[in-house]
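Subject: Structure handover

Hello,

Here is the structure I promised you. Please open it alongside this message; my notes follow below.

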Amino acid sequence: MLSLPRLRLLSELSRRGTIAAVADALRYTPSAVSQQLALLERETGVALLERTGRSVRLTPAAERLVERADGALAELERAEVELVRGEGPVTGRLHAASFQSVVLALAPAALDILARRHPDLEVEITQREHARAYGGLLSHAFDLILGEEYPGIPEQVRPGVDRSDLLSDPLCLVLPPDGSLGRRPRRLADLADVPWVLDPEDTATGRWARGVCRRAGFEPRVRFESPDLLLHAHLVRTGHAAAFIPALLATPHLDGLSLVGLPGDPHRVLYTAVRAGRSEHPAVAAFRAALGEALEAAHPGPPAWTVRFEA
């Protein structure tokens with residue numbers, strides 16, 4: 001019988017590419033990972049890794065074994081779900097990963113709902129951008145993650161992942177209420193010379209924002225670069241930058257600022273993702289339901305636009 005823990009290491013190596021990355025994700029030493037993979041090779045009796053200098057890659061036999069291993073791990077999770085589903089109160093611990101805007105706007109109300117309805121369920125939330133959170137989801141560090149998809153930047157379809165869309169959220173240009181940046185532009189191109197605060201360019205949010213400016217005919221002057229949307233709002237409020245911010249944060253974090261509707265009315269899509277084998281787990285279902293109720297209670301309608309740009 002092949003060792004499931006060792007098969008999981010092989011599966012992680014298939015996703016992450018290096019033994020060092022596997023060790024870092026699963027909190028092993030690289031030598032321990034190498035030893036366990038060597039034992040797995042002896043168990044199978046076939047070569048699983050090809051060593052080229054300091055790197056390794058999976059053999060075709062190893063890639064086929066990973067497919068089987070991932071299926072076996074998913075089946076084990078389904079078996080666990082069947083054991084606990086319908087067996088009394090929702091208990092245990094759920095570890096979620098979320099990016100900032102959902103933590104600010106929805107997580108507190110969702111946690112209140114869960115505390116009333118499922119007091120024996122303990123929820124832990126780690127702030128993590130969804131691109132990095134996916135690795136933790138697939139390595140079982142997280143039970144559920146919250147993700148976002150921006151216009152024109154489709155999310156990769158990941159096998160073995162169950163995605164459920166939560167909200168289509170308008171994206172706004174945000175300007176100070178007064179001062180030199182408080183003027184009312186007719187087109188986005190009128191802001192070609194102003195300073196901007198944007199997410200880093202290696203994120204989907206940052207690529208989308210720069211793409212909006214470039215399609216309007218200019219390269220944004222990025223004076224501040226940060227993934228912290230509260231910092232974005234603060235820099236706009238104090239008159240130091242313009243920014244693109246999701247409407248979900250409009251109340252109270254954007255109160256008093258000018259919200260400008262963009263051409264094409266772009267929206268981001270917020271979603272939850274879990275491993276497919278865990279999608280029907282009572283804790284996952286309870287957390288997804290609480291997020292939906294928190295969103296419904298918040299009633300995030302269309303923003304109160306200060307002005308809309310011409311198309």
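First, a cut-off: buried means under 20% relative accessible area, exposed means over 50%, and partly exposed is in between. By that rule E201 is partly exposed, because its relative accessibility is 40%. Please keep in mind that this is a predicted model.

**Salt bridges around E201**

E201 has a salt bridge to R210, with the closest N and O atoms 3.8 Å apart. R210 counts as buried because its relative accessibility is 4%. E201 also meets R214 in a salt bridge, at 3.2 Å from N to O. R214 sits in helix 8 and E201 in the loop between strand 7 and helix 8, so this pair ties together parts 13 residues apart in sequence. R214 is partly exposed, with a relative accessible area of 40%. R214 forms a salt bridge with E219 as well, and here the closest N and O atoms are 2.8 Å apart. E219 is partly exposed, because its relative accessibility is 48%.

The whole structure holds 24 salt bridges. A network of them links E77, E80, D143, R275 and R278.

**D199**

D199 is in the loop between strand 7 (195-198) and helix 8 (204-215). Which side chain of opposite charge is nearest to D199? It is R210, 7.2 Å away. D199 is buried, yet it has no salt bridge. Setting aside residues up to four places away in sequence, D199 touches T205, G206, R210, E225, S226, P227, L229 and H232.

**Helix 4**

Helix 4 covers residues 60-84.

Just after helix 4, G86 takes a positive phi of about 75 degrees.

**Helix 1 and helix 2**

Two packed helices are described by the angle between their axes and the distance between the axes. For helix 1 and helix 2 (residues 19-26), the angle is about 120 degrees and the axes are 9 Å apart. The crossing of helix 1 past helix 2 is right-handed. On the helix 1 side, the residues that meet helix 2 are R8, L9, E12, L13 and R16. On the helix 2 side they are I19, A21, V22, A25 and L26.

**V174**

V174 lies in strand 6 (residues 161-175). It counts as buried because its relative accessibility is 0%. Where does the chain come back to V174? Look at F244: it is 70 residues apart from V174 along the chain, but their C-alpha atoms are separated by 5.9 Å. Leaving out neighbours within four places in sequence, V174 is in contact with V236, A242, A243, I245, L254, L257, S258 and L259.

Best wishes

Conventions
Residues numbered from 1 in each chain as written. Predicted model: local features only at pLDDT ≥ 70, side-chain atom pairs only at ≥ 80, totals over all residues. Heavy atoms only, no water. Helix = DSSP H or I, 4+ residues; strand = E, 2+ residues; numbered from the N terminus. Expected span 1.5 Å × (residues − 1). Buried < 20%, exposed > 50% of the residue type's maximum accessible area, 1.4 Å probe, protein only. Lys, Arg positive; Asp, Glu negative; His and termini not counted. Salt bridge = Lys/Arg side-chain N within 4 Å of Asp/Glu carboxyl O. Contact = heavy atoms within 4.5 Å. Axes fitted to C-alpha atoms, helices over the stretch in contact; angles between N-to-C directions. Left-handed = near helix turned anticlockwise from the far one by under 90°.
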